[in-house]
Amino acid sequence: MDTIVEEYMVRNDVPGMSIAISKDDRLVCAKGYGLADRETATPVTIGSRFRIASISKPVTAVAVFRLIEHGALRLTDRVFGPGSFLGERYGTPPPQNHANEITIEHLLAHITGGWTNDENDPMFLNREMDHAQLIAWTLDNQPLRNPPGSAYAYSNFGYCLLGRVIEQVTGMQYDDAARQEVLEPCGIRGMTIARNTREERQIDEVVYYGQDGDDPYEPNVSRMDSHGGWLASATDLVRFAVHVNGVDGVPDILSPDSIRVMTRGSEVNPSYALGWAVNEAGAWWHGGSLPGTATLLMRKSNGLCWAVLTNTRRPGLGAELDGLIQRIVEATEWPSHDLF
């Protein structure tokens, strides 16, 4: 395992990497590789925390399903317009915009009909705006391209809206609500929302290194809270995964029915469910990518879960992380102990 990982890191100029793997809800491997900080030669440990980028979306999705189980909302509830969760507090979109037709399920499945992750992604524009200002600006300046439910478009902004819905339903800040509904029931206490600058790094947080002109400290990561803002260790992400994986062992924090609905692909895109990418082999997962960050959280149908976090990014690096762990698990006979 060490040889495979270290060769991969050299080949891809990865300063530091953290890996955690569980088998049948037992943590069987947790290791840090390389450097959390090149300047101080600080090594990555199993306690090192990384920006997890879009792995934040499954956390938000599970929070939504917890609220559904509490009877506080439904997948069919509307987000904007009279009688909806967010009402008209961010303005009144014109009827032809179709924004008043968006439901919670549309947001979870990325089928709102617009606001996709491209050069016009609202979450990477207007860095100085807060959530309220950005939502109002987006509703005024970026009309939906398609009616909700008719087309798939991966949307960071959609998950930003889910964060605001969670706040409205719970009366709490998004991160506090997610902590109460998701993280604490999973036994996770080390996850926080990341900050923006290198000087604002938190305890045990790695330094991020850009490649190909990336500046890891340019995006407003704190504003990404519910779609890409969490900071976590690899072990805590696996701890989260085993509490929502539908495997006998560690008790899940969602009902079997909720897990089944959450991991069922939409008619528009059978490969993406409600907060998770899925396939016909019974796997569900999510990757994450930001300047200086490439991450992956995977749940397999054979009882394996894994998290891989790095403190750099280059084209293709995130997609290759799955292949890296596949090589490791195929060559390894896992012990019977539980590091949790």
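1. Trp 276 has a relative accessibility of 1% and counts as buried. The model in which this residue is described is a predicted one. What does the ring of Trp 276 pair with? Its partner is Phe 240: the two ring centres lie 6.2 Å apart and the planes are at 10 degrees, so the pair is stacked. Phe 240 belongs to helix α8 (residues 234–242), whereas Trp 276 is found in the loop between α9 (256–262) and β7; the two residues are 36 apart, and their pair thus links distant parts of the chain. Phe 240 is buried too, with a relative accessible area of 1%.

2. Other aromatic contacts deserve attention. The whole structure holds six aromatic pairs. In one of them, Tyr 208 and Tyr 217 place their ring centres 6.0 Å apart with planes at 55 degrees, so this pair is tilted. Tyr 208 is buried at a relative accessible area of 3%, and Tyr 217 is buried at 16%. Elsewhere, Tyr 152, Tyr 154 and Tyr 272 are linked by ring pairs into a cluster.

3. Two arginine residues are placed over aromatic rings. The charged end of Arg 299 sits over the ring of Trp 284, at 3.7 Å from its centre. Arg 38 lies over the face of Tyr 209, with 5.1 Å to the ring centre.

4. The seven-stranded sheet may be considered next. This open sheet has antiparallel pairing and the strand order β3-β2-β1-β10-β9-β8-β7. Which strands stand at the edges? They are β3 (42–43) and β7 (277–278); each has a single partner strand, so one side of each is left without a neighbour in the sheet.

5. Within that sheet, strands β1 (residues 16–23) and β2 (residues 26–37) run antiparallel and are joined by eight bridges. Ile 19 is set opposite Lys 31 in β2, and Lys 23 is set opposite Arg 26 in β2. The hairpin of β1 and β2 has two residues between the strands, and in this hairpin Asp 24 takes a positive phi near 55 degrees. Helix α1 (residues 2–12) lies across both β1 and β2, and runs at about 35 degrees to β2.

6. The pairing continues from β2 to β3, again in the antiparallel sense, over two bridges. Asp 37 has Thr 42 in β3 as its bridge partner. Four residues separate the strands in the hairpin of β2 and β3, where Ala 41 takes a positive phi near 55 degrees.

7. A further open sheet, of three strands, has the order β4-β6-β5 with antiparallel pairing. Its edge strands, β4 (50–51) and β5, each pair on one side only. Strands β4 and β6 run antiparallel and are joined by two bridges; Phe 50 has Ala 232 in β6 as its bridge partner. Helix α6 packs on this sheet, where it touches β5 and β6, and its direction makes about 45 degrees with that of β6.

8. Is helix α6 enclosed or exposed? Seven of the 10 residues of α6 (residues 174–183) are buried, so the helix is largely enclosed by the rest of the structure. These buried residues are Tyr 174, Ala 177, Ala 178, Arg 179, Glu 181, Val 182 and Leu 183. They pack against α2 (56–69), α5 (156–170), β5 (192–193), α7 (225–228), β6 (230–232) and α8.

9. The crossing of α2 and α5 is left-handed. On the α2 side the contact is made by Lys 57, Thr 60, Ala 63, Val 64 and Leu 67. On the α5 side it is made by Asn 156, Tyr 159, Leu 162, Ile 166, Val 169 and Thr 170. An α-helix has 3.6 residues a turn, so residues three or four places apart point the same way.

10. A last point concerns Glu 119, which is found in the loop between α3 (104–109) and α4 (131–141). Is Glu 119 buried or exposed? With a relative accessible area of 64%, Glu 119 is exposed. Glu 119 and Val 329 are 210 residues apart in sequence, and their C-alpha atoms are 37 Å apart in space.

Terms used:
Residues are numbered from 1 along each chain as its sequence is written. This is a predicted model: local features need pLDDT of at least 70, side-chain atom pairs count only at pLDDT 80 or more; totals for chains, interfaces and linings use all residues. Side-chain values use heavy atoms; hydrogens and water are left out. Two strands pair if DSSP finds at least two bridges between them. Contact means heavy atoms within 4.5 Å. Axes are lines fitted to C-alpha atoms, for helices over the stretch in contact, and angles run from 0 to 180 degrees between N-to-C directions. Rings of Phe, Tyr and Trp (its six-membered ring) pair if their centres lie within 6.5 Å; planes under 30 degrees apart count as stacked, over 60 as edge-to-face and the rest as tilted. Buried means under 20% relative accessible area, exposed over 50%, partly exposed in between (1.4 Å probe, protein chains only). A charge sits over a ring if NZ of Lys or CZ of Arg is within 6 Å of the ring centre and within 35 degrees of the ring normal. A crossing is left-handed if the near helix is turned anticlockwise from the far one by less than a right angle, and right-handed if clockwise.
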